[in-house]
Amino acid sequence: MAEAMLAGLYSSGHPGSLLRFSEPFDERRKYMETRYPELVSARDNQAAVEGADVVVMAVKPQVYKNVLTTLGPSLLKNPSVLIISIAGGITSDAMSRWLASDSASIVRCMPNTPALISEGAVGLYANPNVKSDHRSITESIMQSIAKQVSWVQKEPLIDSVTGISGSGPAYFFLIMEAMQNAGIEAGLTPEEAKNLTLQTCVGAARMAQESDDDLATLRKKVTSPNGTTEAAIKSMENNNIRKVMEEAVFAARRRAQQLTEELCQD
């Protein structure tokens, strides 16, 4: 995800000389240096963040506390630094404690994997220290990887974002997998079933994005009475498709809440 952000920012016109990254693993750092020679590489985290106006913390949650505690003095040399965290489960309050600062400007970000191809959906939460210009900067950064950027007003809603868009791509992959398998069972070749499934999903999503109708209306418009689509929809409704999706979203949200309890203990 960090690479996607760097690549997105650079390709959208940000000077490479102003984009710094830190990578502790030699092989990965050499890859980044070769692929993005215009960017500034650093082996040392402190050197990468010192004096920065914006720092994106793309760190695994399990080592987040140690990394942030170590980086605190360097990060806070610039009192107006904006810290953007893309680590799931790490709250802004925990980050403030680990930084030993009540004044740190922190934005939590929940991206999803389509951000890797600049088609992401991102949920954001800003702690009370974040100013309007920080919000604008954050949106600019996220728009380099995402087509949808949404702010939530309460931090726990980031867990709800996780249940919808953060984990959501996997739900659609599963649905597409099931559709492809059904097509094969119905006599199509694997390639035919896959291609028809993928384009159907892309087309339906584009229609939903471009239409003024809500999703329920769009569904009804393509569901003729006593037709094939109605038969399929009735089958899904009888198998509690709505309940299945609701339970999936809430299961992801519960797990996000559990991770917060596990990761934010001092």
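**Burial, pockets and a few residues**

Q: How much of the protein chain is buried?
A: Of its 266 residues, 36% are buried (under 20% relative accessible area; exposed is over 50%, partly exposed in between, 1.4 Å probe, protein chains only).

Q: And where does the model come from?
A: It's predicted: local features need pLDDT of at least 70 and side-chain atom pairs 80 or more, while totals for chains, interfaces and linings use all residues. Numbering runs from 1 along each chain as its sequence is written, and side-chain values use heavy atoms, without hydrogens or water.

Q: What's the average pLDDT?
A: The protein chain averages 94, and 100% of the residues score at least 70 (pLDDT is the predictor's confidence per residue, 0 to 100).

Q: Where is confidence lowest, and where highest?
A: Strand E2 (residues 40-42) has the lowest mean, 85, and H8 the highest, at 98.

Q: How many helices and strands are there?
A: The protein chain has 12 helices and seven strands (DSSP runs numbered from the N terminus: H or I, at least four residues; E, at least two).

Q: What does the C-alpha trace span?
A: About 70 × 40 × 35 Å along the principal axes of the protein chain.

Q: Is Cys201 buried, exposed or partly exposed?
A: Cys201 is partly exposed, at 25% relative accessible area.

Q: How about the second largest pocket, how much space is in there?
A: About 1600 Å³. It's lined by 44 residues, and Ala2, Arg20, Phe21, Val56 and Ala58 are the closest to its centre.

Q: Which element gives the largest share of that lining?
A: H1, with five residues of the second largest pocket's lining. Others that give two or more include strand E3 (54-57), helix H4 (61-75) and helix H6 (132-142).

Q: Switching topic: how many disulfides are there in the whole structure?
A: The search finds zero (the cut-off is a pair of cysteine sulfur atoms within 2.5 Å).

Q: Where does Ile84 lie?
A: In strand E4 (residues 82-85). Ile84 is buried, at 0% relative accessible area.

Q: Which residues is Ile84 in contact with?
A: Beyond its neighbours within four places in sequence, Val54, Val55, Val56, Met57, Val107, Cys109, Thr138, Ile141 and Met142 (contact: heavy atoms within 4.5 Å). Ile84 and Arg108 sit 24 residues apart in sequence, with their C-alphas 5.9 Å apart.

Q: And Thr70, where's that?
A: Thr70 is in helix H4 and is partly exposed, at 43% relative accessible area. Thr70 and Asp102 are 32 residues apart in sequence and 17 Å apart, C-alpha to C-alpha.

Definitions and conventions. On a 1 Å grid over the protein atoms alone, a cavity is a set of points where a 1.4 Å probe fits but cannot get out, and a pocket is an open set with protein on both sides within 12 Å along at least five of seven lines; lining residues have an atom within 4 Å of a point. Grid points are joined across faces, edges and corners, and a volume is the space filled by probe spheres set on the points.
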